[in-house]
Every structure is written in structure tokens, then in C-alpha cells.
Amino acid sequence: MKCIRGIRGIGGISEQMRLGLLYPLLLCAALAGCATPPATPPPPNLFNDASFAAPTVPVDPQQAFAMSDAMRHYVRVDIAREGRGKNPRRALADALRNREGLQLEYDAAMTRTAAQAFDARSGNCLSLVLMTAALAKEMGVDVHYQLVLGEESWSRSGGMYFVAGHVNLALERRPLSNVVGYDADAILLIDFLPGEDLTGQRTQQIGEATILAMYLNNRAAETMTSGELDQAYWYARAAILQDPTFAGAFNTLGIIQLRHGDIEPARRTLAYALERSPSNTVLLSNLAQALDGLGRTDEAQLLRRKLLALQPEPPFHFFNLGQRAMETADYQEAARLFKREIARDPYYHEFHFWLAQAYARMGQLAQAGRQLELAMENSTTRSEHGLYAAKLQRLRAATAH
């Protein structure tokens with residue numbers, strides 16, 4: 001299962017326009033691995049503060065790491081009691097892995113602060129990284145953050161397409177001047193994926209500013225999805241100021257401006273980001289939509305031709321075709337197309353759910369049940385898990401009768 005949930009653009013080719021896809025955007029770590037120039041302040045004309053109401057929730061980046069009284073008690077009492085005789089790094093790592101301790105669960109419903117994730121005992125991987133880092137800092141343990149390269153998968157919600165990336169962190173021993181040679185216990189990796197999924201990880205170290213920008217960018221996308229465009233704007237703005245090298249925040253800001261009807265500011269924002277990442281398909285797609293909105297259709301078409309060359313079969317391509325086959329009752333063709341999409345991303349729950357529907361329409365109930373099980377196993381929120389569990393229960397009841 002992939003960990004960070006985000007939103008990313010699907011290539012803006014003509015097929016997608018016919019399918020009526022809405023503004024796609026990027027969330028969290030998906031662009032963090034791209035080459036970026038040194039951090040420089042963004043041009044002031046990217047922001048159009050006067051167009052947006054003041055945030056209803058104050059935007060304070062440092063709240064992401066803020067410790068609660070319950071967290072301090074956990075460090076000073078629970079970890080101290082269970083970690084007697086251990087170094088602090090090992091004590092924290094063991095506490096996080098103890099199934100009878102925090103009992104952490106993965107839940108991508110929202111990106112929580114460290115304190116919120118601790119209270120809920122759940123979160124996406126970014127939330128759990130924030131929580132772990134906050135606990136480590138309280139214990140005097142150094143950390144560094146890592147973006148896991150190549151860990152991206154796709155989802156969709158509310159007419160937008162999401163990308164999922166993954167981050168983790170390592171607990172480090174502070175070097176001693178009189179110690180030389182290799183120390184196998186000097187760095188402890190903390191990752192909230194199953195152990196077998198860590199094999200062969202390629203990672204890129206990122207700074208705390210980028211982690212904070214990811215958190216703010218996630219909150220921007222999540223509040224935008226819920227219709228809170230004013231609040232989303234201030235989160236995206238803060239993400240850019242936190243780390244001007246994080247391209248995802250510029251893309252998110254551009255989409256917020258598009259959805260708010262601020263087409264020219266959106267064009268400026270997306271064009272600025274594209275200058276820094278000229279082959280980025282997300283930005284190409286979104287900038288083409290902004291140009292369309294300004295009546296500059298020739299320029300938009302040029303970008304879409306470049307996009308088509310870079311990404312002829314974007315994510316969800318076969319899935320969308322499969323849905324159209326379902327509408328015409330061609331269930332065998334739909335199943336074939338859903339399988340092609342699953343081959344590209346075997347962890348997205350909705351692909352398995354729709355394949356289950358195709359199998360059920362063909363009367364292949366055992367295969368439908370297996371796909372519902374996979375949908376349930378790969379669900380990323382408690383509500384999704386409950387939905388698939390209920391459908392699987394009904395299918396089994398119907399099969400039994």
C-alpha cells in the first residue's frame with residue numbers, strides 16, 4: 001500500500017476532455033524528486049491575496065510538529081518505562097513497532113498534525129512521520145526525512161485525480177568525535193509500510209522545510225476538495241513560502257486560482273512553475289486549461305500536443321475506457337481494460353472494485369468476491385474499508401443462497 005495521498009494531473013489530451021475530467025493537480029511528494037533550482041522567493045504577482053477571504057483556521061506551519069500534553073506524557077512515562085536500558089532511538093523505534101502500544105493505523109482521510117495523529121492513533125505516512133519526528137525531538141533524537149522515489153499510485157475524488165507518494169524518516173545517533181568506523185546501529189529507519197515493501201527502496205533526503213511544505217500543500221488540496229477555497233489558498237501560499245523549491249505547491253495554488261475563477265493569476269502561477277519543470281505533465285495539463293479559459297486555444301493546443309508526446313496513455317486511461325464499456329454492457333471488454341489498469345497500479349482499490357462489478361455482471365461471483373477482497377485490503381480510509389466489507393458480505397450472502 002502506498003502512503004501519501006495526493007492529487008496530480010492526468011494528461012490533458014483530447015480523450016480526457018471528452019470524458020469531462022475536472023482540474024487535475026498534484027499533492028504532497030509527487031514532484032519533490034524533480035530537479036529544482038536553488039530556493040528563491042517567488043514573484044510577488046503569483047499571489048492574489050485580495051481575492052480571497054481571510055482563513056477561518058490560522059495557518060501556522062509549526063503547528064504540524066506541536067507536542068500535546070498526552071505526547072509528552074507518553075515520552076516521559078510510557079517510553080521511559082519500556083525503554084529502560086535502551087538508547088533513546090531504539091526505545092522510540094520499539095515503541096512505534098509495539099503492537100500493544102500505540103497501535104497505529106493507516107488512514108488517508110486527511111493529513112493530520114503530529115498531535116492529531118497521536119490522538120487518533122492513525123494517519124497517512126506524512127502525518128505519522130510528523131508525529132514520530134515530534135516525539136524524537138522531545139527525546140533529543142536527531143532525524144532526517146526521506147522521499148521514497150518511484151512510490152506513486154493514483155486515485156480520484158470529486159472530479160480530481162490524486163497521486164500517492166511516500167515519505168519516511170531515520171533516527172540518527174549524534175556522532176561522537178572519538179568514534180570511527182561503521183556503526184550498523186547508527187541510523188534506524190522508521191517506515192510505516194510493511195517490512196517486505198522496503199526492499200530496494202531508493203530514497204532522496206529532504207529537509208524539514210520540504211516536509212512542512214508537503215503538509216501545508218496536503219491541507220490546501222484537502223480543504224479545496226471540500227469546497228473551502230479561501231482556506232485552501234492560504235495553505236498553498238504558506239507552502240510556497242515554506243519551500244519555494246517544492247513544485248507541487250505552485251501547481252496546487254494554480255488549481256485553487258482556477259477553481260476560484262482567477263484565470264490570469266492561475267496562468268501566471270502555472271507558467272512560472274512550468275519554467276522550472278518544463279517537462280512536467282501535470283503542469284502542462286493544468287496550464288493548457290488556464291489558457292483555454294483565457295481564450296488562448298492555439299497555445300493550449302500546443303501544450304496538449306507536447307503532453308500527448310510525453311504521456312500517450314496517462315493514468316486512468318484504461319480505467320476510463322473500461323467504465324465506458326460497462327455503460328454499453330460490454331462486461332468482458334470492461335474486465336480486460338480494468339485488468340490493464342490494475343497491471344499498472346495493483347494497489348488502487350477502485351480498480352479492483354470495478355473489476356469486481358464486471359465479474360459480477362458476467363455471473364463470475366467467485367472472481368468478483370476476490371476483487372472485492374483486494375479492494376478492501378487496498379482501501380486507504382476506514383469508510384472505504386467499511387463500504388467494501390459490506391459489499392463483500394452481501395455478495396457472499398447472495399452466493400450462499
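The following dialogue explains how to read several features of this predicted model.

User: Which conventions and thresholds apply to this predicted model?

Analyst: Local features need pLDDT of at least 70 and side-chain atom pairs count only at pLDDT 80 or more, while totals for chains, interfaces and linings use all residues. Residues are numbered from 1 along each chain as its sequence is written, and side-chain values use heavy atoms, with hydrogens and water left out.

User: How many helices and strands are in the protein chain, and what percentage of its residues is buried?

Analyst: Helices (H or I, at least four residues) and strands (E, at least two) are DSSP runs, numbered from the N terminus. The protein chain has 16 helices and nine strands. Buried means under 20% relative accessible area, with a 1.4 Å probe and protein chains only; 53% of the 401 residues are buried.

User: Why is helix α8 described as largely enclosed?

Analyst: An α-helix has 3.6 residues a turn, so residues three or four places apart point the same way. In α8, twelve of the 13 residues are buried, so the rest of the structure largely encloses this helix. Among the buried residues are F250, N251, I256 and Q257. They belong to a set that packs against α6 (208-225), α7 (229-242), α9 (263-276) and α10 (281-293), where contact means heavy atoms within 4.5 Å. Just after α8, G261 takes a positive phi of about 90 degrees.

User: Which strands pair with β7?

Analyst: In a regular strand the side chains alternate between the two faces of the sheet. Two strands pair if DSSP finds at least two bridges between them. Strand β4 (residues 142-148) runs antiparallel to β7, joined by six bridges, and Q146 has N168 as its bridge partner. Strand β8 (residues 187-190) is also antiparallel to β7, over four bridges; here L171 is partnered with L188. Five of the six residues of β7 (residues 167-172) are buried, so this strand is largely enclosed by the rest of the structure.

User: Which residues touch the most other members of the largest nonpolar core?

Analyst: In soluble globular proteins, nonpolar side chains tend to be buried together. A nonpolar core is a set of buried Ala, Val, Leu, Ile, Met, Phe, Trp, Tyr and Cys residues joined through side-chain atoms within 4.5 Å. The largest has 81 residues, of which M71, M131, Y145, L171 and I256 touch the most other members. Helix α5 (residues 125-138) gives the most to this core, with ten residues. Another core, of 25 residues, lies apart from it and includes Y161, M326, F338 and W354.

How values were computed:
Buried < 20%, exposed > 50% of the residue type's maximum accessible area, 1.4 Å probe, protein only.
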